[in-house]
Amino acid sequence: MIEFNDVSLVYPNGHQGLKDVNVTIEDGEFVVIVGLSGAGKSTFIRSINRLVTPTAGELKVGGDNILDYKSKGLRDLRTKVGMIFQSYNLVKRNSVFRNVLAGRLGHTGTLRSVFNLFSKDDKALAYESLKRVNIDDKIYSRADQLSGGQQQRVSIARVLTQKPDYILADEPVASLDPPTSHQVMKYLRKVNKEDNITTIVNLHFIDMAMEYADRIIGMRSGEVVFDGPVSEVSEATFEEIYGRSIREDDLRGGAKDGEQDQ
């Protein structure tokens, strides 16, 4: 469980990233955070693994207030909380397999990773993770030889290899075309359901939020302005969250079963 209790975050320049946020996310939920650029979506999600640190309130992950964590606590937290970035965050010159094995870093340590001293079990897990997102045929390719969608699938495989309790995805499809965006979201949803891993995804595209979320949290100016199951969401809900009419660029479009990004 993740609990935000009166959480606020004021950046050093005075900008308020979060304002009095109170949200509880249950184990196994697939939650999509929506809002315009600057609404606080990334601040919300990056607070959960302390990439940013709230300045007030209490933020509990698995029952512990992570705002009290220092160096070892933070390392342990980031082992339990996997992160998928818009920019993939792969080591471009390394092979796909080496990038996915990096998911074991929190369990094996940096030194063993540097010398490639991963166990047979770690290697088997990494290969199985690649198979789960249908990218095992690229196992020995360099990361920079892959398309954007393929790189994002590798980043999902890396998180799977980490064996996290929670997955955070910060605008994971913002740089992808519509069919590939649906493919990536389909894999995230599949992992969430098969492994019961709590998954929180930031999205701008409202049609994709409606397609994949169990629950939608809407943010504006650092505040939660909507929180409810997807069954209660309409176009009017999004207009209220965004504070304006829905525009074409708020929709990703594209068929889920369209082009496969091989």
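**Pocket lining.** I began with the lining of the largest pocket in this predicted model, and found that α2 (71-80), β6 (81-85), α4 (105-108) and α7 (148-162) each supply at least two of its residues. Helix α2 gives the largest share, 5 residues. I then looked up the extent of the lining, which comprises 23 residues, with Arg 78, Ala 102, Leu 105, Gly 106 and Gln 162 lying nearest the centre of the pocket. Sorted by class, I noted 10 nonpolar, 9 polar and 4 charged residues in this lining, and for the pocket itself I wrote down a volume of about 600 Å³.

**Sheet.** I next followed the open sheet, in which 4 strands run in the order β2-β1-β4-β5 with antiparallel pairing. Because β2 (16-25) and β5 (64-65) stand at the edges and have a single partner strand each, one side of each is left without a neighbour in the sheet.

**Helix α8.** Last, I turned to α8 (residues 178-195), whose 18 residues reach 26 Å from the first C-alpha to the last, close to the 26 Å expected at 1.5 Å a residue. Which residues of α8 are buried? I listed Pro 179, Thr 180, Ser 181, His 182, Gln 183, Val 184, Met 185, Tyr 187, Leu 188, Val 191 and Asn 192. Just after the helix, I noted that Asn 196 takes a positive phi of about 55°.

Note on methods: Residues are numbered from 1 along each chain as its sequence is written. This is a predicted model: local features need pLDDT of at least 70, side-chain atom pairs count only at pLDDT 80 or more; totals for chains, interfaces and linings use all residues. Side-chain values use heavy atoms; hydrogens and water are left out. Two strands pair if DSSP finds at least two bridges between them. On a 1 Å grid over the protein atoms alone, a cavity is a set of points where a 1.4 Å probe fits but cannot get out, and a pocket is an open set with protein on both sides within 12 Å along at least five of seven lines; lining residues have an atom within 4 Å of a point. Grid points are joined across faces, edges and corners, and a volume is the space filled by probe spheres set on the points. Ala, Val, Leu, Ile, Met, Phe, Trp, Tyr, Cys and Pro count as nonpolar, Asp, Glu, Lys and Arg as charged, and the others, Gly among them, as polar. The expected span of a helix is 1.5 Å times one less than its number of residues. Buried means under 20% relative accessible area, exposed over 50%, partly exposed in between (1.4 Å probe, protein chains only).
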